[in-house]
Amino acid sequence: MSIVQVQGGGGRVASDRTSFVGARVPPEIKAMIKPLNKLDKNTFRKVLKLVVQSLEDEVTYSEFKAIVPTLEDATSEEILGIVFAGLLCLVKCGLRHTTTSLKQQHFKEDLDELGISSELHSDLASCVFGTKRAVLDQQLLTSRPRLPQLSELKWRVDVAISTSVLNRVLEPSILMEMTLSNGQIKVFEVPVSQFHQLRYNVAYVLKQMEDLEKRSILKIQD
Amino acid sequence: MQKERAFSEEEEDKLQSALGVTADDLELIIQTLEFILQQAAYHAAKPQVLSQQLMQIDLQDEKVQPIVEAWSSNAKDIVSQLRQRTIHPKQLEEVKWRLNLQMAQSTRLKMKVPNAMFELSVHDDNSGGREKIRVEFTHEELYGFYNQLETIQKQLDSLS
């Protein structure tokens with residue numbers, strides 16, 4: 001198989017930007033183009049709906065299979081699978097870019113370049129630029145790989161009154177119970193001196209973070 | 001004041017010959033002095049009171065003075081050390097952090113999302129080791145954490 005990208009369509013001049021799918025068209029998308037253009041519009045919409053659903057939430061195989069009998073044209077499950085994989089890849093590629101870096105017009109141009117029938121452009125564009133975008137963006141953020149987050153912090157402040165070695169102590173200490181998002185629960189004591197350290201550091205990082213955000217807003221938006 | 005012995009074996013040998021006492025006697029002397037200081041610390045005794053009470057138990061004056069001196073010059077350190085003594089096996093020992101700006105991820109390019117990673121080292125007295133708690137905060141999450149720490153601080157402030 002040749003790795004040279006074949007320009008689609010009647011010798012259009014390639015623009016100086018890279019297509020939103022990347023310099024090389026992913027194989028899932030390549031394989032989908034032909035069956036996609038032959039697909040009945042209603043079938044296309046049903047598959048696309050499933051694609052969007054799978055981005056928000058898991059889609060099970062039985063859900064996928066369930067749409068086969070509802071199709072008016074007799075599309076085989078195999079073809080449907082190819083189209084589903086291709087559309088999912090295509091929409092993900094679209095969502096990889098911010099709305100400022102990928103304009104709807106360029107998106108459609110790139111679809112044209114890929115050889116996707118122009119009838120389907122507006123439906124595809126509404127997946128990437130439509131009302132669902134905010135929800136999908138949020139989903140991308142929350143599903144990113146990360147260290148566990150602090151799900152819950154319970155604490156108590158104790159003042160030691162007396163101990164086996166001192167009749168009058170009157171020394172405060174803090175007990176923390178941290179529940180992490182990976183299910184771990186950590187219980188430990190924080191001496192007052194360490195508490196000051198922790199509080200100072202958190203406040204310092206928070207300030208740094210705010211400064212960082214202010215600065216990056218000033219930078220050129222890409 | 002510690003669980004360990006105050007002197008090493010070698011030091012005890014030297015003390016023994018310097019003082020001209022048997023090993024058993026030296027042991028008794030050390031334990032008695034420790035006991036006196038422990039009691040002084042427990043009650044946060046004033047030097048004057050300690051001196052009075054030591055004389056009441058017929059301790060020689062020349063021995064009372066050095067004990068009271070040792071107590072009055074070290075009392076502050078000893079008591080503050082004992083105040084810090086805790087029973088909870090796990091203690092926060094160190095806080096490390098790192099501030100990042102996320103630029104991209106597999107599903108999104110050109111991002112600018114700050115995040116802060118914290119590593120809290122907790123000393124575990126039972127295992128003698130250190131446990132590291134690593135958490136990541138977004139701006140919002142860190143702000144929430146900060147607010148909780150502020151609430152704790154307010155409680156501490158209200159104590160003094």
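**Two chains, one interface**

By the rule used here (a side-chain nitrogen of Lys or Arg within 4 Å of a carboxyl oxygen of Asp or Glu), the count comes to 20 salt bridges over all chains. This is a predicted model, where local features need pLDDT of at least 70 and side-chain atom pairs count only at pLDDT 80 or more, while totals for chains, interfaces and linings use all residues. Residues are numbered from 1 along each chain as its sequence is written, chains are lettered from A and ligands numbered from 1 in the order in which they are written, and side-chain values use heavy atoms, with hydrogens and water left out.

Visitor: How many salt bridges does the rule find across the interface of chain B and chain A?

Guide: One to look at is E171(A) with R83(B), whose closest N and O atoms are 2.8 Å apart. Across the whole interface, the rule finds six.

Visitor: And what area do chain B and chain A bury between them?

Guide: Start with contacts (heavy atoms within 4.5 Å): 59 residues of chain B touch 59 residues of chain A. Buried area is the accessible area (1.4 Å probe) that two parts lose on being put together, summed over both. Carbon and sulfur atoms carry 67% of it, and the total is about 5,700 Å².

Visitor: Which element gives the largest share of the side of chain B that touches chain A?

Guide: Elements here are DSSP runs, numbered from the N terminus: helices (H or I, at least four residues) and strands (E, at least two). Those supplying at least two residues each are α2 (23–42), α4 (61–84), β1 (90–102), β2 (113–124), β3 (130–138) and α5 (139–159) of chain B. With 15 residues, the largest share comes from α5(B).

Visitor: How far apart do the C-alpha centres of domain 1 and domain 2 of chain B lie?

Guide: Domain bounds come from an automatic or database domain assignment, which divides chain B into domain 1 (9–84) and domain 2 (97–159). For chain A, with domain 1 (27–143) and domain 2 (150–214), the centres lie 48 Å apart. For chain B, the value is 47 Å.

Visitor: Which residue of chain A forms a salt bridge with R17(A)?

Guide: R17(A) sits in the segment before α1 (27–38) of chain A, and its partner is in helix α5 (residues 104–114) of chain A. The pair links distant parts of the chain, 93 residues apart. With the closest N and O atoms 2.9 Å apart, the partner is D110(A).
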